[in-house]
Amino acid sequence: MRDVTVRALAWALRLLLPARGRHRTSGPAAPPAPAPTPVSPWARPWTGPSADTARAIFTAYEVHALTPEQRERFYATAWAEIGWDYPYTAEYVHQVRTGVAA
């Protein structure tokens, strides 16, 4: 019963007291702004190196005799030669200590 009473009161107030402010329904309505469409990363072609190029770098014959540290450096150098960063270096590659001449 309370729900019916509240709805009737709200309807009567809407008729008697027009809305004011930015959110009123009367007056010229501005067209709604179009929603931006999300851009899919699959919409543009692949810009990285091909699978054959990556396979050639990671399966190179010279790599088999190298230590893990040298192997990571070889990979980083090979990727740099074709113009790409190799961000997958192992932890110990960046922590090589070198002596400073005093």
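Me: A pocket is an open set of points on a 1 Å grid over the protein atoms alone, where a 1.4 Å probe fits, with protein on both sides within 12 Å along at least five of seven lines; lining residues have an atom within 4 Å of a point. Which residues line the largest pocket?

Reply: First, a word on the model: it is predicted, so local features need pLDDT of at least 70 and side-chain atom pairs pLDDT 80 or more, while totals for chains, interfaces and linings use all residues. Residues are numbered from 1 along each chain as its sequence is written, and side-chain values use heavy atoms, without hydrogens and water. Now to your pocket: its lining takes in Trp 46, Pro 49, Ser 50, Ala 54 and Phe 58, then Trp 79, Trp 84, Asp 85, Tyr 86, Pro 87 and Tyr 88.

Me: What secondary structure surrounds it all? How many helices and strands does the protein have?

Reply: Helices (H or I, at least four residues) and strands (E, at least two) are DSSP runs, numbered from the N terminus. Here you will find four helices and zero strands, giving the pattern α-α-α-α along the sequence. Helix H1 spans residues 2–16, and it reaches 21 Å from its first C-alpha to its last.

Me: How many residues of H1 are buried?

Reply: Buried means under 20% relative accessible area, exposed over 50%, partly exposed in between (1.4 Å probe, protein chains only). In H1 the count is zero among 15 residues, so this helix is hardly covered. Across the 102 residues of the protein, 11% count as buried.

Me: How many aromatic pairs are there?

Reply: Rings of Phe, Tyr and Trp (its six-membered ring) pair if their centres lie within 6.5 Å; planes under 30 degrees apart are stacked, over 60 edge-to-face, the rest tilted. This structure holds three such pairs. In one of them, Phe 58 and Tyr 75 have ring centres 4.8 Å apart and planes at 70 degrees, so they meet edge-to-face. Phe 58 sits in helix H2 (residues 51–58) and Tyr 75 in helix H3 (residues 68–81), so the pair ties together parts 17 residues apart in sequence.

Me: Is Tyr 75 buried or exposed?

Reply: Tyr 75 is buried, at 9% relative accessible area, whereas Phe 58 is partly exposed at 35%. Tyr 75 also pairs edge-to-face with Phe 74, at 6.3 Å centre to centre and 65 degrees between the planes. Phe 74 is partly exposed, at 26%.

Me: Which residues form the aromatic cluster?

Reply: Phe 58, Phe 74, Tyr 75 and Trp 79 make up one cluster. Phe 58 and Trp 79 bring us back to your opening topic, for both are in the lining of the largest pocket.

Technical notes:
Expected span 1.5 Å × (residues − 1).
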